[in-house]
Protein chains: 2
Amino acid sequence: MPQDVFPRSEYESRVERTKERLHERDLDAIVVSDPANMNYLAGYDGWSFYVHQAVVVTRDYPEPVWVGRDMDRNGARATTWLAEENMRAYSDDHVHSPYDLHPMDFLADVLEDLEVDGGRIGLEMDASYFTAKSYTRLQSQLPNAEFVDADLLVNWLRIHKSDREIAYMEEAARISEEAMLAGLDAIEAGVPEYEAAAAIYDRLVRGTDEYGGDYPAIVPLMPSGDHTGTPHLTWTDREFEEGDPVLIELSGCRHRYHSPLARTTFVGDPPDAVQETADIVVEGIEAALDVVEPGVTCERVEREWRETIAKYGVEKEDRIGYSMGLGYPPDWGEHTASIRPGDETVMEEGMTFHMIPGLWEDEFGVELSETFRVTSTGAETLADFPRRLFTA
Amino acid sequence: MPQDVFPRSEYESRVERTKERLHERDLDAIVVSDPANMNYLAGYDGWSFYVHQAVVVTRDYPEPVWVGRDMDRNGARATTWLAEENMRAYSDDHVHSPYDLHPMDFLADVLEDLEVDGGRIGLEMDASYFTAKSYTRLQSQLPNAEFVDADLLVNWLRIHKSDREIAYMEEAARISEEAMLAGLDAIEAGVPEYEAAAAIYDRLVRGTDEYGGDYPAIVPLMPSGDHTGTPHLTWTDREFEEGDPVLIELSGCRHRYHSPLARTTFVGDPPDAVQETADIVVEGIEAALDVVEPGVTCERVEREWRETIAKYGVEKEDRIGYSMGLGYPPDWGEHTASIRPGDETVMEEGMTFHMIPGLWEDEFGVELSETFRVTSTGAETLADFPRRLFTA
């Protein structure tokens, strides 16, 4: 095996658990399209998800089978633990093709070769890169297959982290702390937003003294001023001004594992309304973290947050967190458990969540987040970073 | 209009051309899911494409309608030119929902409200982020609609660049030059790969003395050593060693417009095989650029490359370039014209391509690329950077 991100036995155990789920759901195979799931099962790591690719797991065939573009086969050789015959590559004329060829035609042939083309095949129906066209093309290529929505089947396995996965997330947390410091240091009146973003990015990739950082699945988000009323805007050429709130959400990344962290800073003296909102967010997040322990439900944790801020007359209707870890753009979230009303997922030791209860008003926003793991007795935040409103 | 990336008239002209295509194809509406197309028509810019969102254009309703998540509505207010009533947002319980709610349920309501729910509706069937589930959900919500594959309808409009679009790509090219210099400067034996990546990223975002850079749609790719036999691996903790070839592919970005650039460097004295391969790539790319002019087909340009390298007994079966410009992760390519056999797209003034004819052998790879625009008489490369093998 070319890399040793995880021991082979850990990958094999993941595949075994996937096969158990296939058995439980009476599926003959699953086509895994989410790059994070492909990495989880096969180790594959490359920026090639702008073309169609997959990892196929069947109940009967021992190893997963990687399916991708011919020029990425060497990438599969370099990063996966799979045998040579289990890396199947399609020719370049399938890519954005003017020839009425589609990568799913090739994938259909692989499924035939694996003798599941007449079986029940699970598909990740709502995964970002599994397009409508991929679905209809598979349907037309394999008229005897029965396709079943198996979205999140592998994602739900990912919710339980091994010690090694936690260790990578802790390494990522060290990077998050350094990058947050770099961002807070860079922000001041008169500095363009992009300079702060550059300082953060430099640190995210340069990492710590011992190791570097991967690219994060989401770029550093840092809306400022008027833009803090919404969480997903990125930096511009604008210069920070006295009176700007600035939201910084970022994540270090190690071997594709993340540990996101958000803080808010204020350029100049914060008005009372901003300071009070920040105090409420801090109190709310601390109250919510306090009730985390094995056996508690996600909705119970959200309720603690909501009831805490309600004392100050504040209401917030969004979810306040989600399970996360391994990820590729566009998201580091796992799309399984969310910390919100109605989510009855029971927290267990070894799960990891990003709790991000921002309050985005129309005039300004404050957000502050922690990535935590569930221990045998409570929540342990991965980053160690002061939990307050900063000023610049 | 909150931002002035383009004058409102330019957006209106894009919408007008979209409506003409709807008319030609007898479509009542199109649901635009590709974030680059959403930006192109509405100006919307945010890292929110990890949830479902769209811009809807109908033949009869004057403006596009943005559909997204409630917390991103302020992002739409900040970046689009649309009237308030044309920003429609769904509540957070639609996101990765445990409640059997899906954003497409909301989108279906919008289509009903726009009175096209019984009409012919174009969908971007193979766009990243338009998932199989989005498709089946729309089908079940709107049983009277006729859905038609309208993939690339807007992308094909994007192939012709306005002067202002070209100007942003030229600004991006200045950043690409600076970032390539920073990467070449950073690479030497004993330096970890991530340090070079950090230097590149810092410069990509810090930009030039006059303006900063956006995040690129693809991270800097820089496989080195054994990994140069494949193009899409990213940096690791490994230190560069004497004898390493290193491929650097990167792009500056301005207002989401890119100008990619690739070069190869060699740590130490390059062996003859590497130098010769680089010389062949340079000769091939220059021959191919020489035949570019309005009226020439994409396949003709590829043939020039192929025949040039064939003189040295080298064959390459991949496409060697593609139309590009505006983009979001995972890709800056437009997925329309490719420079490859069988692509009969006729080059016209104002089109922009990334020509990237790498040669990836099993032992090592060499790549070298240029972004060029088609002028009234030929090809003009956007970056001005020495076209040769570098050494570190």
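This is a predicted model: local features need pLDDT of at least 70, side-chain atom pairs count only at pLDDT 80 or more; totals for chains, interfaces and linings use all residues.
**View 1. The surface where the copies meet.** Here, 80 residues of chain B are in contact with 80 residues of chain A. Because 100% of the interface residues of chain B are also interface residues in chain A, the copies meet through the same surface.

**View 2. How much area gets buried.** The size of an interface is often given as the accessible area lost when the parts come together. For chain B and chain A that comes to about 6400 Å², with 55% of it on carbon and sulfur atoms.

**View 3. Charges and polar groups across the interface.** Zoom in on Arg254(B) and Asp237(A), whose side chains form a salt bridge at 2.9 Å, N to O. Between chain B and chain A, the salt bridges number 4. There are also 39 residue pairs in polar contact between the two chains, counting pairs with both residues at pLDDT 80 or more.

**View 4. Which parts of chain B do the touching.** Look for helix H3 (73–79), helix H5 (132–141), helix H8 (193–206) and strand S10 (331–338) of chain B: each gives at least two residues to the side that touches chain A. H8(B) supplies the largest share, 9 residues. Sort the residues on this side of chain B by type and you get 33 nonpolar, 24 polar and 23 charged.

Technical notes: Residues are numbered from 1 along each chain as its sequence is written. Chains are lettered from A and ligands numbered from 1 in the order in which they are written. Side-chain values use heavy atoms; hydrogens and water are left out. Contact means heavy atoms within 4.5 Å. Buried area is the accessible area (1.4 Å probe) that two parts lose on being put together, summed over both. A polar contact is a pair of N or O atoms within 3.5 Å; within protein, one must be able to donate a hydrogen and the other to accept it, and residues adjacent in sequence count only if both atoms are side-chain atoms. Helices (H or I, at least four residues) and strands (E, at least two) are DSSP runs, numbered from the N terminus. Ala, Val, Leu, Ile, Met, Phe, Trp, Tyr, Cys and Pro count as nonpolar, Asp, Glu, Lys and Arg as charged, and the others, Gly among them, as polar.
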